[in-house]
Amino acid sequence: MQKKIAQLVDFSGNLPRHILNKYEIKEVPVSFSFDNNHYYRENNDLDTKDFYLHMKNQPEKVPKTAAANIHDWIEAFKEMYEKGYRRFVVTAIASQLSGTMENARQAREIFLSKQQDVDIFLLETNTCACGQAALEIKIAQILDREDLLWEDFLERAKNLVPRVTSLFSVQELTYMKAGGRIGGATAFLGNLIKIKPICEFINGTVHPIKAVRGRKKSLQIMADTALSRIKNVQNAIIVTQNALCEEDETFMIDYLRYQLQDRCCDVFRSMVGTTVGAHSGPGAIGIGFVEDY
């Protein structure tokens, strides 16, 4: 009889809560601080919405984030082991953006030194946010719907990674400047003339795609860019995420569905996680997808 496979993720994908519950996914928390002294675990001590409200109300206090730590990963492995799982697949934010995956790697070595009857596979996502969430939802569906051998499942999961796209746009460039993502002059001029850059995460780094004047136009172009890259929408998982801009997210989803017309696909929505949100700020919005073919 095939052993069960546990799915563990960090908070960077910020999966919709109903997805976590439906597929029994174990989420390992990341932490953030506004004063470098008091740290909060996302969606445990303080929820994501409160994080953005704090940023909005006190913009001078730029938050710092901390990777999911080794102890929390070990505790997550223990929890799933005690539930009867002996094979684990782990996904997390790109290593270029956070030390979360390295901490998971160290936790795996510690855990395996005590439990030799376990397989733990760390899948490098090379992405974050909505693209990471799309990948994790697809993996959950595969585990739930398909009876694959462990080796076949790992090959299937690894093949999904290069098919992930994570696009995003920000309301203000101030936070990207504070996080070292762009230069100060660019941030000043961009805010002055209301530029809404559309960017993409590629191998853990931010790449600009197009600078657009006006919010609505940027949302339409971002949706168009996503659709232009999907070969078959029926095989795609699409995730949208927002940071205190649900109306803009709804506008983008409505536009997306209008462009799709009678072509159906799965579209999920949630908030941008704090790991990414600390650099993108309130008003950030993204669309990510993975196509399985």
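**Entry 1: Lys196**

In which strand is Lys196 found? I looked it up, and Lys196 sits in strand E9, residues 195-202. Before going on, I noted that this is a predicted model, where local features need pLDDT of at least 70, side-chain atom pairs count only at pLDDT 80 or more, and totals for chains, interfaces and linings use all residues. Residues are numbered from 1 along each chain as its sequence is written, and side-chain values use heavy atoms, with hydrogens and water left out.

I also wrote down how the elements are named: helices (H or I, at least four residues) and strands (E, at least two) are DSSP runs, numbered from the N terminus.

Is Lys196 buried or exposed? Lys196 counts as buried because its relative accessibility is 9%. My cut-offs are these: buried means under 20% relative accessible area, exposed means over 50%, and partly exposed is in between, with a 1.4 Å probe and protein chains only.

Then I listed the contacts of Lys196 (contact means heavy atoms within 4.5 Å). Leaving aside neighbours within four places in sequence, Lys196 touches Ser169, Val170, Gln171, Lys210, Ala211, Val212, Gly214, Arg215 and Ser218.

**Entry 2: strand E8 and Thr165**

Next I looked at strand E8, residues 164-169, where six of six residues are buried. Val164, Ser166 and Phe168 point one way, while Thr165, Leu167 and Ser169 point the other.

Which strand does E8 join through six bridges? The partner is E13, residues 285-291, and the two run antiparallel. Two strands pair if DSSP finds at least two bridges between them.

I picked out Thr165 in E8. Thr165 counts as buried because its relative accessibility is 8%. In E13, Phe289 stands opposite Thr165. Beyond its neighbours within four places in sequence, Thr165 is in contact with Gly131, Glu200, Arg229, Ile287, Gly288 and Phe289.

**Entry 3: helix H4**

Helix H4 covers residues 100-112, which is 13 residues. From first C-alpha to last it reaches 18 Å, close to the 18 Å expected at 1.5 Å a residue; the expected span is 1.5 Å times one less than the number of residues.

Which residues of H4 are buried? I found Thr100, Met101, Asn103, Ala104, Ala107, Arg108 and Phe111. Seen down the axis of H4, they fall within an arc of 150°, so they line one face of the helix. The arc is that of the directions from the helix axis to the C-beta atoms. These buried residues pack against strand E1 (5-10), helix H3 (70-82), strand E6 (87-92) and strand E7 (119-124).

**Entry 4: the largest nonpolar core**

A nonpolar core is a set of buried Ala, Val, Leu, Ile, Met, Phe, Trp, Tyr and Cys residues joined through side-chain atoms within 4.5 Å. The largest one here has 29 residues, and Ile25, Phe153 and Val239 have the most contacts inside it. Its largest share, eight residues, comes from H5.

Apart from neighbours within four places in sequence, Phe153 contacts Ile5, Val89, Ile139, Ile142, Leu143 and Leu148.

**Entry 5: a three-stranded sheet**

In what order do the three strands of the open sheet stand? The order is E4-E3-E5, with antiparallel pairing. E4 and E5 (64-66) are at the edges with a single partner strand each, so one side of each is left without a neighbour in the sheet. Strand E3 (residues 31-33) pairs with E4 over three bridges, and Ser31 has Arg41 in E4 as its bridge partner.

**Entry 6: two positive phi values**

My notes say that most residues other than glycine have a negative phi. Glu24 has a positive phi of about 55° although it is not a glycine. Glu24 lies in the loop between H1 and strand E2 (26-28), and Glu24 is exposed, with a relative accessible area of 53%.

Asn43 has a positive phi too, near 65°. Asn43 belongs to the loop between strand E4 (39-41) and helix H2 (48-57). Asn43 is partly exposed, with a relative accessible area of 28%.
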